[in-house]
Amino acid sequence: VKDSLFSQGKQTHPSLAYRPILDLEQKDKDKTEYRNFESGSLIDRVYNTYKLMHTNQTLDFVKQKHSEWSGCGHAQMEVMEAVISLDQLVDESDPDVDFPNSYHAFQTAEGIRREHPHKDWFQLVGLIHDIGKIMALSGEPQWAVVGDTFPVGCRFQNGIVFRGSTFVDNPDDKNPAYNSECGIYKPNCGLDNVLMSWGHDEYLYRVMKFNKCTIPEEGLYMIRFHSFYPWHSHGDYMHLCDDKDMRMIPWVREFNKFDLYTKTTELPDIEKLKPYYQSLIDKYCPGVLKW
């Protein structure tokens with residue numbers, strides 16, 4: 001099952017590779033230099049990714065994807081296999097990314113390990129948080145796998161990238177049942193009760209829960225909401241949050257410092273690091289998982 005679904009990678013959409021360079025040692029560097037959605041060689045392709053996403057990610061679409069993927073019946077593989085399989089998602093024609101995705105997974109994990117040496121679960125989350133992108137290897141379009149996430153079933157808020165121009169063809173944006181501030185939700189209902197746009201965040205969260213992995217709740221929040229930039233970086237959708245969400249957002253923001261919007265030129269020795277991270281996998285999500 002694994003080979004038939006996930007062995008043949010397709011051409012990577014540039015949104016997978018849109019990663020501004022960040023030296024983790026330059027902690028005082030101006031953050032406005034990152035996540036530049038206004039200019040750059042990739043801007044047209046990045047914009048088109050979000051245009052497709054913001055047109056097609058409706059409440060009905062998200063419910064359909066939950067039905068298709070949440071049962072974890074697509075493949076069986078170990079976590080380390082999934083990490084390495086992401087190498088197929090590298091767009092080698094893109095000048096911003098000239099090394100396999102697995103290197104960056106280990107870079108993220110090692111950055112966390114340096115600053116949080118006693119939180120092994122946090123380090124593991126750094127390694128695995130993007131492996132839900134394996135959906136792209138089974139034919140899911142990139143706009144249903146990568147990019148920033150946002151709630152569906154309520155008004156699309158201004159913190160969403162390209163908000164002003166990319167939702168014009170999304171029918172939910174014109175539906176009075178969905179385009180009010182809370183839409184189908186109640187104030188302070190909690191993000192656990194909110195349907196997010198479908199992507200690798202929610203998918204990996206579902207895989208972790210389905211396989212009864214023992215990563216702490218803080219780590220599961222990082223996995224599930226690390227791409228929810230309108231919330232953790234722009235302060236939108238706070239009216240949907242409950243006390244649990246507010247306790248968890250500092251963890252998500254801490255994780256964001258090490259997320260894959262970083263790149264260093266010093267590549268890790270993956271073979272040397274594998275035994276340590278395999279021990280973390282064996283501790284928190286061992287064996288063959290269902291995907």
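**Salt bridges, a helix pair and the core**

I begin with a network of salt bridges that links Asp 192, Glu 202, Arg 206, Glu 217, Arg 224 and Lys 244. Please bear in mind that this is a predicted model.

Within that setting, let me turn to one pair. The side chains of Glu 217 and Lys 244 meet in a salt bridge, at 3.0 Å from N to O. This pair links distant parts of the chain, since Glu 217 belongs to helix 10 (residues 217-225) and Lys 244 to helix 12 (residues 243-256), 27 residues apart.

How do the two helices pack? The axes of helix 10 and helix 12 are 9 Å apart, and the angle between the helices is about 70 degrees. Helix 10 and helix 12 therefore count as roughly perpendicular to each other. On the side of helix 10, the contact involves Glu 217, Glu 218, Tyr 221, Met 222 and Phe 225. On the side of helix 12, these meet Lys 244, Asp 245, Met 248, Trp 251, Val 252 and Phe 255.

How many does a search of the whole structure find? The total is 15. One of them joins the side chains of Lys 65 and Glu 140, at 2.8 Å from N to O. Lys 65 lies in helix 4 (residues 59-69), whereas Glu 140 lies in the loop between helix 7 (120-128) and helix 8 (163-166), so this pair ties together parts that are 75 residues apart in sequence. Both Lys 65 and Glu 140 are buried.

A further salt bridge is formed by the side chains of Arg 163 and Asp 173, at 3.3 Å from N to O. Arg 163 lies in helix 8 and Asp 173 in the loop between helix 8 and helix 9 (200-210), so the parts tied together here are ten residues apart in sequence. Arg 163 counts as buried because its relative accessibility is 18%, under the 20% limit. Asp 173, at 21%, is partly exposed.

Finally, the nonpolar core. The largest such core has 83 residues, and those with the most contacts inside it are Leu 127, Ile 128, Met 208 and Trp 291. Leaving aside neighbours within four places in sequence, Met 208 is in contact with Ile 128, Cys 213, Ile 215, Leu 220, Ile 223 and Leu 289.

How values were computed: Residues numbered from 1 in each chain as written. Predicted model: local features only at pLDDT ≥ 70, side-chain atom pairs only at ≥ 80, totals over all residues. Heavy atoms only, no water. Salt bridge = Lys/Arg side-chain N within 4 Å of Asp/Glu carboxyl O. Helix = DSSP H or I, 4+ residues; strand = E, 2+ residues; numbered from the N terminus. Buried < 20%, exposed > 50% of the residue type's maximum accessible area, 1.4 Å probe, protein only. Core = buried A, V, L, I, M, F, W, Y, C linked by side-chain atoms within 4.5 Å. Contact = heavy atoms within 4.5 Å. Axes fitted to C-alpha atoms, helices over the stretch in contact; angles between N-to-C directions. Parallel < 35°, antiparallel > 145°, perpendicular 65-115°, else oblique.
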